[in-house]
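The stops below go in the order in which they can be selected.

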Amino acid sequence: MKVKYFSDTDTAHMEFSESPVLETREVSEDVYLDLDKDGRIVSITIEHAQTQAAFPEVTYEQVG
């Protein structure tokens with residue numbers, strides 16, 4: 001997984017796979033899901049990330 005934060009536009013982009021994007025779905029006004037041909041999530045884009053998701057603070061924890 002790759003996470004990018006663009007401070008100039010306050011946009012976060014999380015990439016889960018390198019599959020080609022077939023469709024983008026708007027989850028809310030500031031959140032978008034990119035899906036591949038099988039309906040799997042390729043990436044998530046969050047606009048206004050500071051207020052929507054507390055970016056740029058990111059932590060990662062693998063459990064189990």
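Start with the strand pair at residues 23-28 and 31-35. This is a predicted model, and in it strand E3 (residues 23-28) pairs with strand E4 (residues 31-35) in the antiparallel sense, over five bridges. Two residues make up the hairpin that joins E3 to E4. Select Ser28 next: Val31 is its bridge partner in E4. Then go to Glu23, which stands opposite Leu35 in E4.

A pair to pick out here is Leu33 and Ile44, where Ile44 is the bridge partner in E5. The hairpin of E4 and E5 has five residues between the strands.

In which order do its five strands lie? The order is E1-E2-E5-E4-E3, in an open sheet with antiparallel pairing. Strand E1 (2-6) and E3 are the edge strands, each pairing on one side only. On average, neighbouring strands of this sheet are turned by 15 degrees against each other, with direction ignored.

The protein has one helix and five strands. Read from the N terminus on, the elements run β-β-β-β-β-α. The C-alpha trace spans about 35 × 30 × 20 Å along its principal axes.

Glu23 forms a salt bridge with Arg25, and the closest N and O atoms are 3.1 Å apart. How exposed are the two partners? Glu23 has a relative accessible area of 36% and is therefore partly exposed. Arg25 is also partly exposed, because its relative accessible area is 46%.

Lys37 and Asp38 meet in a salt bridge, at 3.5 Å from N to O. Arg40 and Asp38 meet in another, at 2.9 Å from N to O. Salt bridges with shared partners join Asp36, Lys37, Asp38 and Arg40 into one network. Is Lys37 buried or exposed? Its relative accessibility is 67%, so Lys37 counts as exposed. Asp38 has 47% relative accessibility and so counts as partly exposed; the exposed class needs over 50%. For the protein, the count comes to five salt bridges.

For the next stop, switch to a surface and colour by residue type. Select Met1, Val3, Phe16, Ile41 and Val58: these make a nonpolar surface patch of about 470 Å². Met1 counts as exposed because its relative accessibility is 64%.

Move on to Glu18. Where does this residue lie? Glu18 lies in the loop between strand E2 (11-15) and E3. With a relative accessibility of 66%, Glu18 therefore counts as exposed. Draw a distance between the C-alpha atoms of Glu18 and Ser28: the two residues are ten apart along the chain, and the separation is 24 Å.

Finish with the overall figures, keeping the surface on. The protein exposes about 4,900 Å², of which carbon and sulfur atoms supply 49%. Of the 64 residues, 25% are buried. Turn the surface off again for the contacts. Among contacts with a separation of 6 or more, 34% are between residues 24 or more positions apart.

Notes
Residues are numbered from 1 along each chain as its sequence is written. This is a predicted model: local features need pLDDT of at least 70, side-chain atom pairs count only at pLDDT 80 or more; totals for chains, interfaces and linings use all residues. Side-chain values use heavy atoms; hydrogens and water are left out. Two strands pair if DSSP finds at least two bridges between them. Helices (H or I, at least four residues) and strands (E, at least two) are DSSP runs, numbered from the N terminus. Axes are lines fitted to C-alpha atoms, for helices over the stretch in contact, and angles run from 0 to 180 degrees between N-to-C directions. Patches are made of residues with over 30% relative accessible area and no salt bridge: like charges are joined within 9 Å, nonpolar side chains (Val, Leu, Ile, Met, Phe, Trp, Tyr) within 5 Å. Accessible areas come from the Shrake-Rupley method with a 1.4 Å probe; for residues, only the protein chains shown count as cover. A salt bridge is a side-chain nitrogen of Lys or Arg within 4 Å of a carboxyl oxygen of Asp or Glu. Buried means under 20% relative accessible area, exposed over 50%, partly exposed in between (1.4 Å probe, protein chains only). Contact means heavy atoms within 4.5 Å.
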